[in-house]
Structures are given as structure tokens and as C-alpha cells.
Amino acid sequence: MNFVAGIDGGGTKTALLCRSLDGSWQEKKFFGAFNINAIGKDAFRSLMEDIASTIESFGTCENLCIGAAGVSNSEMRSIVEDVLYHSNIKHWSLVGDHEIALAGALDGGCGIIVISGTGSIVFGKTADGSLIRLGGWGHLLGDEGSAYGLSHDAYVAVAQMIDGLGPETSLKEKLGINDRADIISYYYSHEKADIASHAPAVEQAAAEGDKVAYEIIKTNAVKLGDDIIAVAKRLGLESTKVSFCGGLVTHDTLFKKMLVSYVEKTDDSITCIDPMKDSVEGAVIIAKVKNEKRG
């Protein structure tokens, strides 16, 4: 049997989806984390060999698309290339996880995907298939409109409150802060993801009527919304669909409600939608398109 396949290589698990060229058959399998930095080179090679062997057991894979974070990692790419070179998989490609998320969310069409989790980034796809990227500079240069952005601004607000420069806010208690020493000892000794984990506390404070928390969410929603509008203009489409990926925008958060409201009220050519398909489906879509282009 001839088929195409897609891989969504995640930080905790890897999804493989194989589908026949006529769409009459498909098989989905799950594997471990697709993260060479976390599991090491030997374990990553073993993972790739296991995936390749599984794909080969189904028949002839005409095209495989692998989507994952950190695709620029030379060690990861080298192992992928080596394993697949020695497999019977005819053609393959390794792309960023944003590409398969975009393809899945818009079912292969053009438009925008907004990824807002620990960090934030906006990707757009033009009618000719070109990709436009805005944001994704990391927490030192950007990440407004993300869980880190909300949490960072919450810590700043509490610091200003302690200094007598900002209004009272319940965020001090929500974050478990007693004094300036608590802020300094925590903020400068924890990783970005740890700080970002406090975003729900900002949401909760806003829901309880805290004006400072509410303004933090609103400010971040507007900043990310402006990025979306900027990308939409660069796409040059008469109308643009925008979908979402990431914990801060896939759940029914106040942040997402503000973001969607701001974008659609500011630019009526933009329509915000839920993802049509998931990322591994997006990888299969890319593999299928590449296979069709080869004729």
C-alpha cells in the first residue's frame, strides 16, 4: 500500500499519522518525547528507528513530513537524516512545529495561526504558500501576549505596588509575595516556564474584579492583537481566518475573549476560528501536497 505520513514531534509525546493516498485507510500511533535535549542522542536515535520501522510496516511511504520544535538543532537533524536515509521512506521533510500547526488549523489553507502558550508568536501563510512570521523573540525581547507576558507584568505591578508607585492589587497575595525579597529570590532563580505558570493567577484576580490584573490582560491582548492585524495586512487577502494554538488561547480564558474581540472589532476582514484539524493532521496535509507536487 502507498501512503503519506505526518509526525507531530512534541516535548512529551510524538504522534504519527499514516494515510493512504486515496484516504480510505489510516493508522495513528504514539511514541515518546521528540526532544533530543531532554532524552539524549541515543534515546532519540532509538525513537526515530522505532518510528521508521513502524512506518515501513504499513507499506510504501511516498512522503513523510516531520514537524517539531528545534528543527535547527544540527544533532537532531543529523540523526533524522541518517535514520531515514537507511529506511524505505521515499521522501521526507523536517519543518517547524508552527508549520504543521498552521496547516492543520486552517486545513491547508492560507491565513494565520497564533501560538500563545509560555511564549507567543504569529505565523501567516499567503495565497502562494509563503510564510510570514511576527514575534517569537523570546522573553528578553518580546513574548507579549503570552503566559510569560501576563506573569511578568504581574510581578512588575506588585513591585511597583511595594515601591508605592502603583495601585493596590490582589496579585501580591495571588503570587504568594510578602516583600521585595520574595520577588527577587523567586524571579531571578526560576526559568521562563516557571514564571509563566502564574498566568492563571492573573486570570483569577481579574475575574474577581482586580483592576490591575484586568488591565494586564487587556494590554497583552491588544499587543498580540496588533501583531495579528499586522500579519493579516501583509498577507494581502480580502479576508483572513485566524486560528489559535497554545494554552492561553485554546481554553476559554479572559485573555482569549479580549484578544478575539479586539481583533475582530479593529479589522472586520479578520475572522477568528477554532482549529479545523490538529497538528499531526497538518503534517499529513503538508506531506500530501509535497507528494502531489512531485507528480
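## Exercises on helix packing and an open sheet

In this predicted model, H5 and H10 pack with their axes 10 Å apart and at an angle of about 140 degrees.

**Exercise 1.** Classify the orientation of H5 and H10 to each other, and state which residues make the contact.

*Solution.* Begin with the angle of about 140 degrees, and note that angles over 145 degrees count as roughly antiparallel while 65 to 115 count as roughly perpendicular. The two helices H5 and H10 are therefore oblique to each other, and their crossing is right-handed. On the side of H5, the contact is made by Gly149, Leu150, Asp153, Ala154 and Ala157, and on the side of H10 by Val212, Ile216, Ile217 and Asn220. Sorted by class, this contact has six nonpolar residues, two polar ones and one charged one.

**Exercise 2.** Determine the strand order of the open sheet of five strands, and explain which strands stand at the edges.

*Solution.* The order is S8-S7-S6-S9-S10, and the pairing is mixed. Strand S8 (131-135) and strand S10 (270-272) each have a single partner strand, so one side of each is left without a neighbour in the sheet. Strands S7 (residues 120-125) and S8 run antiparallel and are joined by five bridges, and Phe123 stands opposite Arg133 in S8.

**Exercise 3.** Describe how H10 and H4 lie across the strands.

*Solution.* Helix H10 lies across S6, S7, S8, S9 and S10, running at about 15 degrees to S7. Helix H4 (residues 97-105) lies across S6, S7, S8 and S9, and runs at about 125 degrees to S6.

Definitions and conventions:
Residues numbered from 1 in each chain as written. Predicted model: local features only at pLDDT ≥ 70, side-chain atom pairs only at ≥ 80, totals over all residues. Heavy atoms only, no water. Axes fitted to C-alpha atoms, helices over the stretch in contact; angles between N-to-C directions. Helix = DSSP H or I, 4+ residues; strand = E, 2+ residues; numbered from the N terminus. Parallel < 35°, antiparallel > 145°, perpendicular 65-115°, else oblique. Left-handed = near helix turned anticlockwise from the far one by under 90°. Contact = heavy atoms within 4.5 Å. Nonpolar A, V, L, I, M, F, W, Y, C, P; charged D, E, K, R; others polar. Pairing = 2+ DSSP bridges.
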